[in-house]
Amino acid sequence: MQNTITEIPFRGTPEQEAKLKEIIAAHKGQDGALMPVLQQAQDVYGYLPIEVQTMIADGLGVSLEQVYGVSTFYSWFNLEPKGEHLIRVCLGTACYVKGSADILAELEKQLNVNAGHTTPDGKFTLEATRCLGCCGLAPVFTIDDDVFGRLTPSDVKGILDKYRA
């Protein structure tokens, strides 16, 4: 499986960088500026790659370690871009008891990516979640808005193939 550092290259545009510089300028010198700048930067880029974190640190005059610390502490910040398709595997009690950990392991194997990351081709993001509210269909995962239930690991490849096409 791939490591935890994204293999998807940063593709920021000059327009995005100009917008980020405007955001930083609007908050520079304010107490607590880092959080709103990170939130708005994620709105601009869709995630917070190290290149964006570095621009924020330089622009606000704070350390990159501080920016990275806040970016990784709060779960709503993403350090990788989201894939074309978002896969969420339920690891809530009902699903877990019925084998969702095996489903997740098979998805990681088929996609060659760990949960919490995006495939290098940008096609899929794989996430583990606590409850999808489909306990009667356990074990369950979703791809975008499509729900797949009563799964076994052998079901995974066929389901993924429909989204790979």
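The side chain of glutamine 16 has a polar atom 3.2 Å from the backbone oxygen of valine 44. Such a polar contact is a pair of N or O atoms within 3.5 Å; within protein, one must be able to donate a hydrogen and the other to accept it, and residues adjacent in sequence count only if both atoms are side-chain atoms. Glutamine 16 sits in helix H1, residues 14-27. Helices are DSSP runs of H or I with at least four residues, numbered from the N terminus. Beyond its neighbours within four places in sequence, glutamine 16 is in contact (heavy atoms within 4.5 Å) with Arg11, Val44 and Tyr45.

The model is predicted: local features need pLDDT of at least 70, side-chain atom pairs count only at pLDDT 80 or more, and totals for chains, interfaces and linings use all residues. Residues are numbered from 1 along each chain as its sequence is written, and side-chain values use heavy atoms, without hydrogens and water.

Next, a helix pair. The axes of H6 (residues 100-111) and H7 (residues 156-164) come within 10 Å and cross at roughly 45°. Axes are lines fitted to C-alpha atoms, for helices over the stretch in contact, with angles from 0 to 180 degrees between N-to-C directions. The table lists the residues that make the contact.

| Helix | Residues in the contact |
|---|---|
| H6 | Ile103, Glu106, Leu107, Gln110, Leu111 |
| H7 | Val156, Lys157, Leu160, Arg164 |

Finally, the cysteines. The count is zero disulfides (cysteine sulfur pairs within 2.5 Å). Cysteine 131 is in no disulfide; its nearest cysteine sulfur, that of cysteine 135, is 4.3 Å away.

Note on methods
Helix = DSSP H or I, 4+ residues; strand = E, 2+ residues; numbered from the N terminus.
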